[in-house]
Amino acid sequence: MLVYPNSGMDSNQKQRDHFCLKNPTEGLETECRVSDLILVSPFLKVPIDFTLYPASVGVKCGPTIPRTPIIIPRDYTATDLEEEHRLAYFREDVGINLHHWHWHLVYPFGNNRAEINIVNKDRRGELFFYMHQQIIARYNCERLCNALPRVKKFSNWREPIPEAYFPKLDSLTSARGWPPRQANMRWQDLKRPVDNLNVTISDMERWRRNIEEAISTGIVRLPNGSTQSLTIDTLGNMVESSILSPNQELYGSLHNNGHSFSAYVHDPEHRYLESFGVIADEATTMRDPLFYRWHAWIDDLFQSFKETMERVRPYTNSELENPGVNVTSVAVEPAGGSGQTNVLNTYWMMSDVDLSSGLDFSNRGSVFARFTHLNNRPFRYVINVNNTGSVRRATVRIFMAPKFDERNLPWQLADQRKMFIEMDRFVVPLKAGENTITRQSTQSSVTIPFEQTFRDLSEQRSDPKNPKFAEFNFCGCGWPQHMLIPKGTAGGAAYQLFVMLSNYEMDKVDQPDGSELSCDEASSFCGLKDKLFPDKRPMGFPFDRPSRTASNIEDFVSPNSNMRLQDITIMHQNVTEQNPRNPST
Amino acid sequence: MRNVEDLKSLCAYCQLRINPYMFNYCLSVAILHRPDTKGMNIPTVAETFPDKFVDPKAGRKAREVAAVEDSGSRMPVIIPRDYTASQNEPEQRVAYFREDIGINLHHWHWHLVYPFESADRAVVDKDRRGELFYYMHQQIIARYNIERMCNGLTRVTRYNDFRQPIAEAYFPKLDSVVASRAWPPRFANTVIRDLDRPVDRIQADISDLETWRIRFMEAIESNSIVLPGGRTMALDEQTGIDRLGNIMESSIISPNRGYYGDLHNMGHVFISYAHDPDNRHLEQFGVMGDSATAMRDPVFYRWHAYIDDLFHLYKSRLPVYGTDKLDFPGVTVSSVAVEGRAGANTFGSHWEQSTLDLERGLDFSPRGPVLARFTHLQQDPFTYVIECNNTTGTTTMGTVRVFMAPRNDEGGQALSFEEQRRLMIEMDKFTWNLRPGSNTIRRNSADSSVTIPYERTFRNQVNRPGDAGSAEAAEFDFCGCGWPQHMLVPKGTAQGYPVVLFVMISNWMDDRIEQDTVGMCNDAASYCGLRDRKYPDRRSMGYPFDRVARSGVSSLSEFLTPNMRVQNCTIRFTDTTTQRTAL
C-alpha cells in the first residue's frame, strides 16, 4: 500500500519504514521509531470522527478494561487554509444540527393531504421563515466575530459554487460515506427517476418569478383561478414548500428543491449511483457552508416581502410604545462568582456523549465520544423599570446585534435589524413604581439545556407508537444553550443589547384549554406543542420590518421609553475546560 | 531484527500502534524479502482489507451476520456486479475488469514484489525490473483495450495534457478501514492542480511533470541519458528499456532521479489529490494513490496508456527484427487449433459467482467464516493444439509463444500490423522438446505462464500446507503475483468477438537463461518474473511484438515466418451466471 504517495516524502523517513522491519542488526528501540511511522502515513493525519471503526475498538476491548472516551478533534473537516473553516465550530456543532433536525421533525412539510393535521400547526409557515432567519442572523454574527463578511446569498443558480465541503461522516444506513462537494461545482438539471426527481433549473427560475410576482403584487393565485392576499405565513408555506402551499403547481417548491439541487451536484442523473450530500438531510445540512448561502437567499426573499411597505406596513408608534413603562437601566451580570458587568464570556468545553446506541449490532455498554464545543459563562439580565401606570403585565423582548458592520462602520437600521438575534422573551408582572427584573441566561426562551440536547435518543426509539414519542421529539427542539452567545473575539466584540417591554394587551394569546404544557423552554424557535404560538406579534417583532422613520438603532429606540440599548462586549477566552458532567475516567 | 522471534515481537508491538495498512505493508515486504521467512505466507490483502476490494455494504452486512447469526447458519453476503455506476455511464461497461478483485490483487502483489524503494538496494534492484514495469503495464493496457473493444468502446484515450479536465469521474464506494472514512471520489471534469501538502511532504507543480516528460523524450531522441555530474551514457538495445523503465516509474535505481524526476508515481499522486491539492480539507488520497485500488479507476488506464506511449516511442526507434531474429530454421508450425467446450477455435466466457471469506477483515472479534459472494468473469477451460514439424534431424528445444489480438478495429476494419501488435496480449509461453519429424503440442489454458490459479489468487492462508520452510509451504512463496486465471481471456461478445491467435516457436538456444529454477513458484513468470532469479527469457519482453515490423510488412500474415502460425478464433460470451462452490 501507499506505493505512490510515498514518493513525495523525504527518503530518510521512508527508508525507516522498511528499515524497521528488515534490518537484522538493529534493535527495536533504536530503529523502529513507531512515532515516525505514524508521521509517514497520511492516513493517521486524519482524525477520527463518529464512525464505527474507532468506536468498535472501544467496544470490543471488553468491559474489564476501563474505557477512555474517544476524542473527536475540533478541526477535522478542513484546515485554516480554508477561510470558511473558521465557522466549522458553528456549522458542525452537534447541538445545532440536532436542533435543526428536531425542528423539521416537529414541523414536517408533508407529502400528501392525509398528513395535513400533522403539518397544519399554528403559524408554521411564518415560523419556517423566522427560525431560519435567526439561524442566518446568528451565523452572520459568528462570521463577523471571525473577521468574515456576512454570508453571500446564493442567487445566481447558474454560477459555480466556490465553497467546497468534505463532510467526513459515515452514513450508517447506506454503509457509504456522505459524498463531498468539490470547489466550483454547479447546479445541474436533475433527472433521477429512482428518487422521483425530474426538475430543471428553468423550473426553479419560473417558480422564483411567480413567487416574486406574488410578493410584489401581494396577490396569491389559487389553482381554481381565484386570488387571496399574501401573508408571511402563506409565503413561508409557498417557499418551503409544505402541503399547505396554496398552489404548488404555480409556486413550486423552491427551498426543498434548492437543497436537492445542491445535494446532487456530483451525480445529477444517478449515473454513478450516488446518494445525496449532507445538504439534503435535515440532520446534517447545517454542516455545509452552502446551507447558509442558500438560506441567505431564501431569507432575502422573505425580507423583500417584509420590505414591501404598501402591504407590510412598518410598525406605528402605538404598536411599539408601552405608555407608562420606562426602562431606566439594563445590565448583564455574571451569574456566579466574579466578573465584569456587561461582558459576556465564551470558551471551549469538552463534553462526553455516549455513542453506543449509534453502533450497530452491539450492546456492550457505553462508549463515550469526547468533543469540543463553544460554551458561555452563565449570566443574568438585570432590568430596572419604572412603571408610572397601574399594575400590569409586559412582555420583555431581548435581542442583540453587533454594533459595527464588517467594515467596522456603524450600521444602517435597514441592515442591522436583520442582524438582531433573539436572546429571550418572557412575560413579567409590573407593579406600580420601581421594578427590578432579573432573568438568568439559562431561562432563555430560545434554548434548551445541554442535557436535553444530548439526551439518550434510544430511550424512546424503541417504541414509535408510544404517545410520548411526539413529545419526545418536540422536547429535542431548541437552540442549544451552549451556543446562545456568539463566540466574540479575544479582544472583545462590541455588541448592542436591546431590551423592550411591549404592551402585553397586544401580545397575549388565548390558548385553548387542554393538556399541560410540556417542554415550553424554547418556544421562540419551536412554538408550543399542540398550542398556538405564544406571542401574537409577528415573529421577530419589532425587527421583522423596516422602520418608517429611524435610520439607525439609536433613533429607533430613543422615542420609546419602553426600550433601551446597552453596549456590551463578548470576550472569547481560548481555553478548553472539561464538562463537569463528564463521567469520571 | 535478528530472527523471526524478534520480528514477531515487533509485530506484536506495532500492530496496536501503527496504522494497519502501514503495518500490513511493512510486514508483507519484510516477509517477502527476509531470508529467514521464505516459508511464510503473507496475509491475503483482499481478506485482511476487504475495504480495498469490495463494496462496503458487504462489509457492513458481514459485521451484522457475524454478530447476529451462528456460524452454522450463515448465508453469504452478496456483492452486486454494478455498484459503482449505472449503465448510463459508458465506462461502466468495463467495470467488471477494472473492479475485478483478482486483477487488483495481482497489481498490488506486483508492486509488493517490485517495490520502487527500499533501504536495501537489492530488494529493488531485481533483474530487468524496469523493463518488467514497462511490459506488465503495457499488457494491462492491451488487455483493457481489448475489453473496451468487446464492449463497443474505443481504445482508451491517453492522458497527455495535464492542464485539461479529466472527463471520467470515479466514485469508488469503498470505505477506508484506517481513516474510517470513505475513499474520496473524483467528480467529472476535475483538473489536477499544483500540490502543496506539507503534511505528506508533497510539493510539486504540474510543470514538474511537463519538465520530466520532456527530459524523458530527450533521452529517447538522443538515445542517451544524462547522469549525475553531467556525463552522458548511451542507451543500448538490450538494457535501454530497463533503464528507461526505472527512470519512468521512478525507482531508486533510476540513473538520475534528480534530473528525470518521478513521472509515473507523481502522475498517480497528482490525480489522487486533485480534490484537495493543498490539504485544506484534510482529505486523503483517492484510489489512484494506492496500488491495491488504482486499477479500479478509469483514469488509471488513461495515465498508463500515455506512459505506454512514451515507451513505445523508444521501442519504435530500436532496430527492427529481421527474419534472422524471428525464424527458427527447420521448425515449421503447420496448424494451430483451440479445443474446448465452446467448440472448435472458440473461447467461451460467462459470469461466475464466487465466495470470499471476509473474516479477517472484521476487526477484533472472533467470528468464524463470513462469506461474501461476488460475480466475476470466467472462461471455459480450453486446450491449444499445435502441430509442428522439426526437419533439423535432431531433438531440439523451442519456446512456444502464444499471443492473442483482435482482428478488427472499432470501426470493423482489419487492423494493420502496427496497430495489432500493440494489442497483442500474451496468453502463454513455455518450452517444448521437439522430436525430429512431426510433433503435436497440447497445452491447457490452466497452465498459462501469465496466470495463477483461482485458488492462489484468493488463497486462504489458514489452509496453507506444511510448516514454514517445508517444501509444500515454499510453493506459497511469491505466488500472489500473477494475472488471475479467470481473466485470461477477454470477455468477447454474444455474437462471438473475432480474434486472432498467434503461435510462434523460437529457438530455445537464443532464449534460454542458464539458472536453477527448482522449487520456485514459476507459473506466472511472464508478468512477475521468478523470485530471486533472472527473468526466464533472454528476449526483450513482448518479443516479437515489442518493435515495429521489418520493412514490407503491413499485416500480421506478412509478418509470419515458417515457425509462426495464426488461427482465427472467436470469443463467445454467454450472459449466464454459474456458481462456484466455496473454497
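This is a predicted model: local features need pLDDT of at least 70, side-chain atom pairs count only at pLDDT 80 or more; totals for chains, interfaces and linings use all residues.
Trainee: What kind of peptide bond joins A:Glu240 and A:Ser241?

Mentor: The general idea comes first: most peptide bonds are trans, and most residues other than glycine have a negative phi. In this model, the bond between A:Glu240 and A:Ser241 is cis, with an omega of about -15 degrees. A cis bond also joins A:Phe541 and A:Pro542, where omega is about 5 degrees, and A:Pro542 belongs to the loop between α20 (523-526) and α21 (553-557) of chain A. As for phi, A:Arg123 has a positive value of about 55 degrees although it is not a glycine, and this arginine lies in the loop between α7 (116-119) and α8 of chain A.

Trainee: How much area is buried between domain 1 of chain A and domain 2 of chain A?

Mentor: The size of an interface is often given as the accessible area lost when the parts come together. Between domain 1 and domain 2 of chain A that area is about 3000 Å², with carbon and sulfur atoms giving 58% of it. On the domain 1 side of chain A, A:Tyr130, A:Arg138 and A:Arg150 lose the most area to domain 2 of chain A, and together they account for 21% of what that side buries. Counted by contact, 30 residues of domain 1 of chain A meet 42 residues of domain 2 of chain A.

Trainee: How many salt bridges and polar contacts cross that interface in chain A?

Mentor: Side chains of opposite charge can pair when their charged atoms come close. Across the interface of domain 1 and domain 2 of chain A the rule finds 4 salt bridges, and A:Lys306 forms a salt bridge with A:Asp544, with the closest N and O atoms 2.7 Å apart. The polar contacts across the interface of these domains of chain A come to 20 residue pairs, both residues being at pLDDT 80 or more.

Trainee: Which helices supply the side of domain 1 of chain A that touches domain 2 of chain A?

Mentor: At least two residues of that side come from each of α5 (88-91), α6 (94-106), α8 (124-145) and α13 (289-306) of chain A. The most is given by α8(A), with 14 residues. Sorted by class, that side of domain 1 of chain A has 15 nonpolar, 6 polar and 9 charged residues.

Trainee: How should I read the domains of chain B, and how far apart do their C-alpha centres lie?

Mentor: In chain B, domain 1 covers 90-315 and domain 2 covers 323-348 together with 381-576, and their C-alpha centres lie 27 Å apart. The contact takes 38 residues from domain 1 of chain B and 50 residues from domain 2 of chain B. The area buried between these two domains of chain B is about 3700 Å², of which 58% is given by carbon and sulfur atoms. The rule finds 6 salt bridges across this interface of chain B, and B:Arg422 forms a salt bridge with B:Asp308, whose closest N and O atoms are 3.5 Å apart. There are also 25 residue pairs in polar contact across the interface of domain 1 and domain 2 of chain B, both residues at pLDDT 80 or more.

Trainee: Where does the UniProt annotation "domain: Tyrosinase copper-binding" fall in chain B?

Mentor: According to the unreviewed UniProt entry, that annotation covers residues 297-308 of chain B. In the model, residues 297-308 of chain B are 92% helix and 0% strand, and the end C-alpha atoms of the span lie 17 Å apart.

Technical notes: Residues are numbered from 1 along each chain as its sequence is written. Chains are lettered from A and ligands numbered from 1 in the order in which they are written. Side-chain values use heavy atoms; hydrogens and water are left out. UniProt positions are given in the numbering used here, feature names are shortened, and annotations may be inferred rather than shown by experiment. Helices (H or I, at least four residues) and strands (E, at least two) are DSSP runs, numbered from the N terminus. Contact means heavy atoms within 4.5 Å. Buried area is the accessible area (1.4 Å probe) that two parts lose on being put together, summed over both. A salt bridge is a side-chain nitrogen of Lys or Arg within 4 Å of a carboxyl oxygen of Asp or Glu. A polar contact is a pair of N or O atoms within 3.5 Å; within protein, one must be able to donate a hydrogen and the other to accept it, and residues adjacent in sequence count only if both atoms are side-chain atoms. Ala, Val, Leu, Ile, Met, Phe, Trp, Tyr, Cys and Pro count as nonpolar, Asp, Glu, Lys and Arg as charged, and the others, Gly among them, as polar. Domain bounds come from an automatic or database domain assignment.
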